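Colleague: Please show me the model, and then let me ask about some of its parts one at a time.

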2 protein chains.
Amino acid sequence: MADDLASSTSHTLVLLPSGRRGAVAHGANLLDAARALGVELESICGGRQTCGKCQVSVEVGTYPKHGITSADDHLAPVGAVERDYCREHDIRGRRLACAAEVVGDVLILVPEESQARKQVIAKAATERAIEVDPAVRAVYVEVEPADLGSGGGDWERLQAALQGQWQLRHLRIDPFALRQLQPALVAGKHAVTVSVWQGREVLRIQPGYAEGACGLAIDVGTTTVVAHLCDLRTGAVLATEATMNPQVRYGEDLMSRVSYAMTEAQGVERLHRAIIRVLNDLAEGAVAAAGRTLEDVMDAVVVGNPIMHHLVLGLDPSGLGAAPFALALSAAADTKARDLGLKLNSAAYVHTLPCIAGHVGADHMAVLLAEAPHTSDPISLVVDVGTNAEISVGNRHGLACASSPTGPAFEGAQITHGQRAAPGAVERVRLDPATWEPRVQVIGHEGWIGADTSRPLPPAARATGICGSGIIEAVAEMFLAGVIDSGGRFADDAAGRSSRVRREGRGAAYVLIEATDSATGHPIVVTQNDVRAIQLAKAALYTGAKLLLHHRGQPKVDRIVLAGAFGSYISPRHAMVLGLIPDAPLERVVAVGNAAGDGARLALLNLGQRAEAARLAEWVDHVQIATDPSFQNEFVAAMGLPHATDAFPHLADFLPTSSRPSERPSQRRRLGAELSRKE
Amino acid sequence: MADDLASSTSHTLVLLPSGRRGAVAHGANLLDAARALGVELESICGGRQTCGKCQVSVEVGTYPKHGITSADDHLAPVGAVERDYCREHDIRGRRLACAAEVVGDVLILVPEESQARKQVIAKAATERAIEVDPAVRAVYVEVEPADLGSGGGDWERLQAALQGQWQLRHLRIDPFALRQLQPALVAGKHAVTVSVWQGREVLRIQPGYAEGACGLAIDVGTTTVVAHLCDLRTGAVLATEATMNPQVRYGEDLMSRVSYAMTEAQGVERLHRAIIRVLNDLAEGAVAAAGRTLEDVMDAVVVGNPIMHHLVLGLDPSGLGAAPFALALSAAADTKARDLGLKLNSAAYVHTLPCIAGHVGADHMAVLLAEAPHTSDPISLVVDVGTNAEISVGNRHGLACASSPTGPAFEGAQITHGQRAAPGAVERVRLDPATWEPRVQVIGHEGWIGADTSRPLPPAARATGICGSGIIEAVAEMFLAGVIDSGGRFADDAAGRSSRVRREGRGAAYVLIEATDSATGHPIVVTQNDVRAIQLAKAALYTGAKLLLHHRGQPKVDRIVLAGAFGSYISPRHAMVLGLIPDAPLERVVAVGNAAGDGARLALLNLGQRAEAARLAEWVDHVQIATDPSFQNEFVAAMGLPHATDAFPHLADFLPTSSRPSERPSQRRRLGAELSRKE
């Protein structure tokens with residue numbers, strides 16, 4: 001962290017998108033400094049300023065959220081070698097990290113191509129049966145030629161043909177499609193293929209017979225943006241592209257972005273343009289991968305949380321930053337892509353699914369479409385964990401939903417060595433119940449790394465931090481092994497029982513990775529504060545689910561759906577050990593990956609799903625759990641780690657029965673062994 | 001004209017917008033050469049290359065329609081003095097005429113500010129009673145504040161308020177208006193003024209109570225574009241702006257522009273952008289003059305002939321260049337201004353009135369709205385003369401309309417010394433029946449100029465050419481005086497009777513202005529060919545009217561309406577002497593000026609007029625007179641000048657009764673005297 005007293009010799013360096021930050025010495029080489037903070041940059045020339053692989057963008061300005069409060073002196077000026085390189089290559093205003101010296105607090109954006117370990121994106125369109133009934137339909141018509149005597153123009157004759165041959169009436173036409181009409185009639189000798197949107201508007205006219213219309217289903221996440229290009233006739237996924245949400249430069253978490261929008265001149269416009277630029281890049285990448293053109297993209301569905309939803313539409317999200325969390329728009333909307341700056345077919349619409357409430361957005365609506373808890377009898381609990389958790393509980397007789405203020409701990413934020421689910425992150429953790437020695441899995445490296453692994457570790461096995469699923473497993477394992485008790489406190493004798501437990505500042509810490517095994521040269525630890533942060537987050541999530549069950553008058557859930565990237569990586573057993581989710585048979589807990597993207601795809605390919613979303617937006621019962629009188633009590637009660645078999649009967653088999661798990665080490669050991677066997 | 005044999009020493013110089021052209025010597029000074037061709041440029045410094053008033057644009061490229069077939073060597077390179085001037089002043093790529101030497105065929109565009117004699121634009125919005133019921137209505141509403149428990153977003157609450165307080169239902173909202181909603185609610189403390197289009201769409205949201213919405217009524221003529229800025233609440237005309245249609249650089253007449261669109265790469269796009277740029281300039285000028293802003297411009301109505309209509313909408317007019325003259329669109333359209341590149345309020349619509357047929361456009365529809373022949377009993381003949389004449393005949397029981405191929409002679413084209421109605425143009429002509437000595441009026445100079453006028457003439461009295469109304473009066477007066485006979489031939493003894501009549505090439509010519517009195521140093525004459533051109537044009541117009549009367553089963557007209565700038569300047573008596581229009585009591589012949597602009601204003605201010613236009617477009621009977629079997633015979637019969645009292649009873653009083661007017665000079669003299677008395 002920035003040390004104000006020694007600001008002349010030490011500066012704060014923040015690296016995005018990883019979010020890694022730390023103090024670096026004045027004059028430090030940026031490539032080395034990034035590496036020291038666990039951010040490996042590409043480099044082929046080894047720092048000779050000739051390969052250009054380590055290009056980074058310097059974000060000029062102050063970024064209080066990142067601890068950068070002065071806009072002066074970021075990097076030493078460009079030297080002769082770097083200047084020569086830039087003269088010969090267009091590096092678009094970037095710097096070569098290997099040539100740059102840190103001489104002030106600085107925020108560095110590492111572009112994807114410069115990252116030695118590319119970000120892992122868990123999302124890929126799953127195969128599922130969708131009845132293809134898209135908003136845009138292509139029809140082939142033959143149009144009467146004009147003759148001197150006939151009245152009306154080509155458009156009027158096309159309307160007559162569409163009515164006569166396809167029973168399409170009262171059509172309007174996009175002004176850009178109208179420009180295609182006469183040339184298409186000439187080229188197609190009066191036969192044209194017409195793309196009609198919702199039986200209401202002509203979007204495109206091509207000569208003769210034509211096919212190939214496609215559409216984009218886009219999930220704009222706070223961190224990651226995923227786009228699926230689908231064939232609108234077959235429904236097939238033609239390409240899936242994903243990238244980082246570029247708004248992270250304006251704030252890693254959602255509320256920072258709202259604050260940016262509120263306080264910076266043209267903040268909304270900048271955030272809007274940043275996301276639109278990325279959507280255009282994704283669209284371009286997807287059509288290139290699929291051998292289509294942007295003109296072929298006739299439709300798009302975009303989902304996202306309310307803030308992303310607003311920013312995509314260019315709407316100021318300020319109202320979402322504080323009570324009463326007012327949405328500017330909650331209903332679904334069809335907006336011309338061109339009016340958003342999206343470069344699809346010039347007449348294409350973008351459909352945004354409805355938001356349910358100020359904290360329950362179109363992304364959760366998409367998850368509901370994909371998981372359809374409202375169509376069956378079992379009581380489902382659908383959880384999408386991001387910066388906040390969106391929760392729905394119910395069945396076909398009724399669905400209650402809420403947002404639960406979990407905060408960003410599950411995303412690795414507010415955790416001492418927390419980081420995103422990127423290469424180098426610890427994602428799986430096991431503790432030996434007897435010795436408390438850990439085994440871990442690190443993203444980007446195959447297999448378990450434990451005490452018995454040969455050393456020195458290969459670079460890919462060296463952890464840089466702990467991601468969400470890793471911290472959940474770590475805390476759960478620490479509880480099962482007795483490192484911490486059901487109150488979340490380190491056992492009094494913990495430090496005496498294992499050298500893994502050390503004093504750290506005002507509290508204890510568990511050393512998950514020793515300094516010699518980490519990528520940073522520092523130990524990677526789980527502190528008492530980290531355990532508290534996880535307890536707060538899991539209590540919020542659990543309380544939300546419990547209050548919704550209560551609201552629906554249901555004693556228990558039949559099925560738990562964990563959605564989102566977090567949901568796909570989380571271990572359901574560890575989640576239940578922590579009390580993150582209510583009790584349920586473990587085989588009824590399913591991780592469904594990017595269900596929001598799946599829902600967007602459903603809405604793209606099936607008009608009925610859009611109608612269903614509109615109906616759901618009215619039908620779903622949104623509950624303000626934070627203002628529920630019982631929230632506070634329930635929340636406090638949920639802070640502890642599970643110990644009562646009446647609340648978690650399905651854990652009874654392997655959980656300590658007493659309220660002090662540390663008193664029954666044998667049972668905890670049995671559970672640990674059982675979990676290990678299942679890997 | 002360009003002399004191919006002497007191309008090394010003489011070049012073609014064409015000056016727009018006046019259309020003046022001629023051969024100039026190699027190396028001629030451009031300022032002097034323009035002056036010699038009758039185009040006076042501003043100049044304060046007298047050619048010292050310091051005042052910069054004589055700036056002109058050089059159009060690079062070939063312009064076969066203007067006789068410019070080589071793209072090489074237009075003007076000699078910029079010299080040192082001009083270069084110094086340009087370095088200190090931003091003259092946007094223009095040249096200083098006083099510094100430029102003509103070294104090749106060249107097309108010069110004289111911007112309005114460089115014209116010493118500004119173009120006269122006859123059009124100004126007339127005052128007339130219009131019931132103000134515009135498409136955009138502003139309503140003030142108070143919106144329920146958001147609260148935590150309430151569902152829906154601000155837009156949903158605004159919808160509820162608009163329904164509850166104004167009975168406005170099923171509204172949609174423009175995406176750009178949506179962006180204004182939340183800030184306006186905050187600034188207006190939940191009270192906002194909402195601009196609603198056609199009771200269907202929200203276009204603008206302003207905090208608190210707001211007024212000031214205005215709209216533009218625009219008539220896009222082939223030569224001139226006129227815009228009236230109107231207050232949408234009071235209907236008042238706030239400002240009227242007019243300018244040259246910049247498309248003249250791509251062709252002075254309509255068919256040249258169609259040909260440009262068909263043959264040049266991106267021709268349509270260029271013509272579209274050129275007109276849109278001018279509409280933006282006019283809009284900017286109008287709001288500045290009225291103290292409003294472009295954001296206040298909430299609506300626009302645009303009318304024009306079918307080719308202008310298509311080019312404003314960005315539609316390819318190629319289909320209108322040849323039979324069957326297919327319109328891309330004939331119905332009225334509402335297009336977002338932004339989709340056309342118009343910088344009005346970001347959500348504003350542009351309404352284009354319907355076209356009736358490939359040659360009878362939205363401008364004629366506007367004339368019909370303004371003159372409303374379809375609402376009364378008398379049989380009206382409504383004529384709008386431009387490059388072609390649009391003619392409607394009928395009353396409330398039926399209306400027949402047609403386009404008549406008059407060609408551009410009435411606009412001064414195809415006439416030896418023809419020019420537009422600009423300063424320097426002869427616009428009124430009287431011939432002494434005895435001496436054949438002329439008196440003329442010249443635009444830009446007060447009063448008559450005759451033989452008895454003191455000499456030398458002041459510069460403003462020196463004519464540069466003859467405009468449409470001038471040529472009509474000249475030919476009619478020549479007929480009345482006996483210079484030409486009813487067949488249009490110069491009298492055999494004409495040259496002997498007056499020195500005004502001379503041999504010119506293969507035929508005779510009447511000298512209207514002697515070389516000593518002209519601005520060009522050359523005599524201004526009316527040749528046998530000019531008389532023939534006027535005869536062809538008037539025969540086409542008369543035949544069109546006659547066939548339409550026949551079509552409606554009417555023997556005669558009760559009322560003649562002459563619309564357009566031409567119509568306002570034409571002398572009804574002389575038109576009837578020529579047989580341009582059918583016989584009618586002279587007091588029932590009215591010139592209504594820019595009726596198309598008036599019609600556009602009606603449609604802007606009154607929604608019912610738009611519905612009426614839609615109804616008329618279906619109801620009016622469009623007649624293809626050029627393919628009518630009797631057209632050819634009628635046309636030939638109409639070539640002569642009127643001599644039969646049965647066809648023109650209202651002329652009987654002062655027209656020769658025999659078929660050879662030259663035989664009855666006394667009667668002709670009486671008519672001439674009578675006409676003079678009425679001035």
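Colleague: Is Arg179(A) buried or exposed?

Modeller: In this predicted model, a residue counts as buried under 20% relative accessible area, exposed over 50%, and partly exposed in between (1.4 Å probe, protein chains only). Arg179(A) has a relative accessible area of 19%. Arg179(A) therefore counts as buried.

Colleague: How are residues and chains labelled, and which parts of the model are used?

Modeller: Residues are numbered from 1 along each chain as its sequence is written, and chains are lettered from A and ligands numbered from 1 in the order in which they are written. Local features need pLDDT of at least 70, side-chain atom pairs count only at pLDDT 80 or more, totals for chains, interfaces and linings use all residues, and side-chain values use heavy atoms, with hydrogens and water left out.

Colleague: Where is Arg179(A) placed, and which residues does Arg179(A) touch?

Modeller: Helices (H or I, at least four residues) and strands (E, at least two) are DSSP runs, numbered from the N terminus. By that count, Arg179(A) lies in helix 4 of chain A. A contact means heavy atoms within 4.5 Å. Leaving out residues up to four places away in sequence, Arg179(A) touches His272(B), Leu313(B), Gly314(B), Leu315(B), Asp339(B) and Leu340(B).

Colleague: How many residues does each chain put into the contact, and what is the area buried between chain A and chain B?

Modeller: The contact takes 35 residues from chain A and 35 residues from chain B. Buried area is the accessible area (1.4 Å probe) that two parts lose on being put together, summed over both. Carbon and sulfur atoms give 56% of the area between chain A and chain B, and the area itself is about 2,800 Å².

Colleague: Which side chains meet in a salt bridge at 2.6 Å?

Modeller: A salt bridge is a side-chain nitrogen of Lys or Arg within 4 Å of a carboxyl oxygen of Asp or Glu. The count between chain A and chain B is 2 salt bridges. The one at 2.6 Å, N to O, joins Asp339(A) and Arg338(B).

Colleague: Which helix of chain A gives the most to the side that touches chain B?

Modeller: Helix 3 (154–166) and helix 4 (175–187) of chain A each supply at least two residues of the side of chain A that touches chain B. The most, 6 residues, comes from helix 4 of chain A.

Colleague: By class, which residues make up the side of chain A that touches chain B?

Modeller: Ala, Val, Leu, Ile, Met, Phe, Trp, Tyr, Cys and Pro count as nonpolar, Asp, Glu, Lys and Arg as charged, and the others, Gly among them, as polar. On that basis, this side of chain A has 17 nonpolar, 10 polar and 8 charged residues.

Colleague: How many residues of chain A are there, and what share of them counts as buried?

Modeller: Chain A has 17 helices and 29 strands. The chain holds 679 residues, and the buried share is 59%.

Colleague: Why is helix 8 of chain A largely enclosed?

Modeller: Helix 8 covers residues 362–371 of chain A. Its buried residues include Asp363(A), His364(A) and Glu371(A). Helix 8 of chain A is largely enclosed by the rest of the structure because the buried count is 10 of the 10 residues.

Colleague: Which residues of strand 12 of chain A point each way?

Modeller: In strand 12 (residues 214–220) of chain A, 7 of the 7 residues are buried, so the strand is largely enclosed by the rest of the structure. Cys214(A), Leu216(A), Ile218(A) and Val220(A) point one way. The other way point Gly215(A), Ala217(A) and Asp219(A).

Colleague: Which strands stand at the edges of the open sheet of 5 strands in chain A?

Modeller: The order in this sheet of chain A is 2-1-7-4-5, with mixed pairing. Each edge strand has a single partner strand, so one side of each is left without a neighbour in the sheet. The edge strands of chain A are strand 2 (20–25) and strand 5 (95–96).

How values were computed: Pairing = 2+ DSSP bridges.
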